[in-house]
Amino acid sequence: MKQNNIIQNLQKLFPSPKCELEYESNYQLLVAVILSAQCTDKRVNIVTRELFKDYGTPEAMLTLTQSQLEEKIHSCGFYRNKAKNILSMTKDLIDKFDGQVPNDLAKMQTLAGVGRKTANVVLAEAFKGDAIAVDTHVLRVSNRLGLVTTDNPEVCERALMQTFDRKHWSKLHLQMVHFGRYICKSQRPECAKCPFKKICTTDKQHKI
Ligand code: SF4
């Protein structure tokens, strides 16, 4: 079956995929995931290594003004929105959950600035929950492998959850992220290294 083929080959390529964001608490992971939108994990780690030295807890983060935080996260891009979201999320976290990130997808999404993808990443990584977070890599790879034909992350997430057994979800997310980041890249995918040429629905492999 196609899904077994995908699981087996991703397992060979990335047997022990790890989240590449650096963090020391669930709160720091949540902040890092917010910063990672449209930004590389490498850049986020450079920024958070400094940021979390003095502002790695919700209480410490709220001592920063919006413009002070903007300055610290400037290089991650979209810094105004990200600073606003981090401060609103942090305030919500303290007000609603006593500063603790909730182990619950729906509750996490009640935090300002926390969408479904962010909540799914944190749920899977911090709480080892079963979740498939659909980011830009997972969405692209899912379409190219013919698992979906949609540009809607939620539609893609539902389709992946139906296609793959629950026990695979969290690892599959990381494997697809790594596959999309290092092989099936948005521009110039490395099709020569790809085990999925036969099932790939794009014609990119014929062009390079
Ligand atoms: S053949 Fe190329 S475009 Fe298709 S899935 Fe593999 S790396 Fe991606």
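Which of the 13 residues around the ligand come nearest? In this predicted model, whose local features need pLDDT of at least 70, side-chain atom pairs count only at pLDDT 80 or more, while totals for chains, interfaces and linings use all residues. Residues are numbered from 1 along each chain as its sequence is written. The residues that come nearest to the ligand are Cys 184, Pro 189, Cys 191, Cys 194 and Cys 200, where a residue is near a molecule if its C-beta atom, placed from the backbone, lies within 6 Å of it. Sorted by class, the shell around the ligand holds 8 nonpolar, 2 polar and 3 charged residues. Here Ala, Val, Leu, Ile, Met, Phe, Trp, Tyr, Cys and Pro count as nonpolar, Asp, Glu, Lys and Arg as charged, and the others, Gly among them, as polar.

The protein chain falls into domain 1 (2–16 + 132–203) and domain 2 (26–127), with bounds that come from an automatic or database domain assignment. Between the C-alpha centres of domain 1 and domain 2 there are 26 Å. The two parts meet where 8 residues of domain 1 are in contact with 5 residues of domain 2; two residues are in contact if their C-beta atoms, placed from the backbone, lie within 7 Å. On the side of domain 1 that touches domain 2, helix 10 and helix 11 each supply at least two residues. The residues of that side of domain 1 comprise 4 nonpolar, 2 polar and 2 charged. Helices in this account (H or I, at least four residues) are DSSP runs, numbered from the N terminus.

The buried residues of helix 9 (residues 136–144) are Val 138, Leu 139, Arg 140, Val 141, Ser 142 and Arg 144. A residue is buried if 20 or more other C-beta atoms lie within 10 Å of its own, exposed if 12 or fewer, and partly exposed in between, with C-beta atoms placed from the backbone. These buried residues of helix 9 pack against helix 10 (153–163) and helix 11 (169–182). Just after helix 9, Gly 146 adopts a positive phi of about 75°.

Another helix pair can be followed through helix 2 and helix 8. Two packed helices are described by the angle between their axes and the distance between the axes. For helix 2 (residues 26–35) and helix 8 (residues 116–127), the axes come within 10 Å and cross at roughly 145°. Such axes are lines fitted to C-alpha atoms, for helices over the stretch in contact, and the angles run from 0 to 180 degrees between N-to-C directions. From helix 2, Asn 26, Leu 29, Leu 30, Val 33 and Ile 34 meet Thr 118, Val 121, Val 122, Glu 125 and Ala 126 of helix 8. This contact of helix 2 with helix 8 is made up of 7 nonpolar, 2 polar and 1 charged residues by class.

Some single residues also deserve a look for their backbone angles. Most residues other than glycine have a negative phi. Lys 128, although not a glycine, has a positive phi of about 55°. Lys 128 sits in the loop between helix 8 and helix 9, and counts as exposed because 10 C-beta neighbours lie inside 10 Å. For Arg 188, also a residue other than glycine, phi is positive and near 50°. Arg 188 belongs to the segment after helix 11 and is exposed, with 9 other C-beta atoms within 10 Å.

Asn 4 lies in helix 1 (residues 2–13) and is exposed, since 9 other C-beta atoms are within 10 Å. Gly 99, in the loop between helix 6 (79–97) and helix 7 (105–108), is partly exposed, with 13 other C-beta atoms within 10 Å. Gly 99 and Asp 135 are 36 residues apart in sequence and 26 Å apart in space, C-alpha to C-alpha. Not counting residues up to four places away in sequence, Gly 99 touches Pro 58, Leu 93 and Ile 94. In helix 6 lies Tyr 79, which counts as partly exposed with 18 C-beta neighbours inside 10 Å. Leaving aside neighbours within four places in sequence, Tyr 79 is in contact with Glu 70, Ile 73 and His 74.
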